[in-house]
Amino acid sequence: MFSRVFRHLFGAYAALPFLVILSTHHSCSATKNTSNYCAPSSCGNIHNISYPFRLNTDPKGCGNKYYELACENNVRPTLYLDMEKYYVQAINYSDFTIQLVNAAVQKDDCFSIPHHSFTEEMLRSASGNYYYQTNWPESSVLTFLCCKNQMRLNHTDYIMDTSSCKNGSGTAYSSSSSSSISSPSCVDMEGHSYVMIDGDIINDVPDLCRIDLIYSVPKNMRNMSYTDVHDILVYGFELSWFYFCCYYSTENRCNLDEATVKNHYCFIDYTESYCTYCIMIMHTIFALFYIVMLQNCLVSVYVVLRVYFIF
């Protein structure tokens, strides 16, 4: 009799932990699904627009809404960052970068400069959840100035004269005359245009100068000409979306390989912590099972002994 009770108790309870293990394994494994759900889109010279990017004409559920692109005139992919329009030059899925150029900048017109400021700090505050990051080994902050008076530049190495700028027709505008329109930040007004490289906007901006634009570029611009500055603006810059794929895409739709996931602790906020939570619950359930089993076994032994001695 005792053996039948023993087998009954252990047979019933022993199966439950294995069910818990199987369900836990299924839950943890499901977070590493590597499938993609939508066919790539195309716009202009970008032929493989896929997760996390999407076109605004793609079906609902394709890509991520924070990486939505428009296709201007059906030929030019565009992206808006903090309400500013950028043209997409390239998307590199192997290193998780997107190359952007401000839509206001034109290759053959050095008068064309961005309409709004852009810095790494502004990008971080605008993106909120860090959907894009800069990954520049070196950089410079350009401060475009429009000054009432012409300044002498022989005393500083961080303020650049923009008088070498030529517009689309090839006409040079010199800042040597107070009646001229200097290029590029003093367009439509009288003044002298300069670019301060990595200066302190509090202490280094000369008197009677107005800051028109602050712009970060992915290159050290010291000891260069304004033509070099504009060439950098024309090239644009690259932003990375790697950390979104690493920390916010638990289904791994970016198809990160196992080494990358391990080396960067990807999905730790979701997958690994969730699986650890599952294991903790499993251990707790195990302990409860064995406590109940022990109590039932003791009760059964007591009942058997009592029956044996009474009868």
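1. Strands β4 and β5 make a hairpin with 3 residues between them, and Asn73 in the turn has a positive phi of about 55°. β4 covers residues 68-72 and β5 residues 76-81, paired in the antiparallel sense over 3 bridges; Ala70 stands opposite Thr78. Strands here are DSSP runs (E, at least two residues), numbered from the N terminus, and two of them pair if DSSP finds at least two bridges between them.

2. This is a predicted model: local features need pLDDT of at least 70, side-chain atom pairs count only at pLDDT 80 or more, and totals for chains, interfaces and linings use all residues. Residues are numbered from 1 along each chain as its sequence is written, and side-chain values use heavy atoms, with hydrogens and water left out.

3. β5 also forms a hairpin with β6, with 2 residues between them; Asp82 in that turn has a positive phi of about 50°. The pairing of β5 with β6 (residues 84-92) is antiparallel over 4 bridges, and Tyr80 has Lys85 as its bridge partner in β6.

4. Ser140 belongs to strand β9, residues 140-147. Ser140 counts as buried because its relative accessible area is 1%, the limit being under 20% (1.4 Å probe, protein chains only).

5. Ile211 lies in strand β12, residues 209-217. Ile211 is partly exposed because its relative accessibility is 34%, between the 20% and 50% limits.
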